[in-house]
Amino acid sequence: MNIRLEHVSKQFSNHLAIHNLNLDIRDGEFICLLGPSGCGKSTTLMMLAGLYQPTKGNIFFEDQVVNHLEPKDRNIGMVFQSYALYPHLIVRDNIAFPLKQQKVPKKVRHERAEEAARLVRLENFLDRKPSQLSGGQQQRVAMARALVKEPDLLLLDEPMSNLDARLKIEMRDEIRQLQKKLNITTIMVTHDQEEAMAMADRIAILDQGKIQQFDTPERLFTQPKNLFVAKFLGNPPMNFLDGELFIENGDQLIRGEGFQLKLNKRLNLPTSTKVKLGIRPHEMKVVSEDEGSISAIVTNIEHLGREQLISAKIGKHSVRFFVENETKIKIGEPIHLHPKTDAIHIFSEEMGENLLV
Ligand SMILES: Nc1ncnc2c1ncn2[C@@H]1O[C@H](COP(=O)(O)OP(=O)(O)OP(=O)(O)O)[C@@H](O)[C@H]1O
Ligand SMILES: [Mg+2]
């Protein structure tokens, strides 16, 4: 099902939780809503579920405005962070519960619950109570219950936040495969950037109720539209250096404390404009003095097995970057660095927008 949010806002008494949200989601897409706590992710999901109504704007399912459509009339499946399983019901009845509400006859209900249980590999657990299941199995019951109605839209609110790290990785593969197999348009809320990057076709990054960027994981990472997105994605995070633009011998350069770098692409901005240079840790290399554009002092070395993570000071700024295990490097050593010039980012100091995209 195609979903469209047009100029959607949600006001709670004196708090504007969502501000002029626009999203166009294609049939069968897996979308993540990603952002820090309180940015409005769950509020958006609740509006899609029909549990909240937008204060302004419209939500479309295909070409129908659904703002006032009751949750039960939307044919959606939802998994909450807490799973919200019924503790007194066995797995079969938990999964079949939405069908009971629709007054589906018992026999059909049980058949369809068994089918949904098979999808999430729970067919051997149908007669257990939730308390007799592991966290991952409970999560799969919640998933089966969301799928049993064959929904047009699947809404997942932090569905894996109660699972341990290893199980999370397994479950994200499982959910992703199931979603592709069933081809259900899915919107998942998470504050875990790795989870979003691993699962989503496209990610909407939210901050303070506003969309910062809606794009593929790859483009969000390589072409962040602004400082918020650039800082939010990536671990270790992007490095930032304060600098200003100037022209020398017809070339445009950016200069700051301890560095001077020629730009590949000319910015139509006056000399002395203050900017922030952004370089991802994997896009910076240790080079000889004459190849270097940045001077730094090594402050820490972490051996990560496959490579070394180096911390260094450039003027007052701290940066981190990776070197191969073979590279000999010592704490306190002065070094020269050079970024891959087509992988640098330049952000305006004033508004934080990426000046190169
Ligand atoms: N029913 C409500 N009444 C008043 N304010 C609310 C209500 N629900 C949410 N809010 C506020 O709206 C903002 C967005 O809340 P929301 O639950 O959507 O955040 P979230 O992005 O899901 O955060 P988290 O990652 O912590 O779950 C918050 O500031 C929250 O306090
Ligand atoms: Mg939430």
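## Overall architecture

This is a predicted model, and every value in this report is computed from it. The protein chain contains eight helices and 20 strands, and its C-alpha trace spans about 80 × 45 × 35 Å along the principal axes.

Of the 357 residues in the protein chain, 35% count as buried. When contacts between residues at least 6 apart in sequence are considered, 64% of them join residues that are at least 24 apart.

Together β4 and β5 form a hairpin with two residues between the strands. Within that turn, E62 has a positive phi of about 50 degrees.

## The shell around ligand 1

The residues around ligand 1 are F12, H15, A17, G35, S37, G38, C39, G40, K41, S42, T43 and H191. Sorted by class, this shell comprises three nonpolar, eight polar and one charged residues.

Two elements, β2 (15–25) and α1 (41–49), each supply at least two residues of the shell. Helix α1 gives the most, with three residues.

A312 lies in strand β17, which covers residues 307–314. Is this residue buried or exposed? A312 is buried, because 27 other C-beta atoms lie within 10 Å of its own, whereas the cut-off for that class is 20 or more.

Once its neighbours within four places in sequence are left aside, A312 is in contact with A296, I297, V298, T299, V319 and I335. A separate pair distance places A312 relative to another part of the chain: A312 and K180 are 132 residues apart in sequence, and their C-alpha atoms are 44 Å apart in space.

Terms used
Residues numbered from 1 in each chain as written. Chains lettered and ligands numbered in written order. Predicted model: local features only at pLDDT ≥ 70, side-chain atom pairs only at ≥ 80, totals over all residues. Near = placed C-beta within 6 Å. Helix = DSSP H or I, 4+ residues; strand = E, 2+ residues; numbered from the N terminus. Nonpolar A, V, L, I, M, F, W, Y, C, P; charged D, E, K, R; others polar. Buried ≥ 20, exposed ≤ 12 C-beta atoms within 10 Å, placed from the backbone. Contact = placed C-beta atoms within 7 Å. Pairing = 2+ DSSP bridges.
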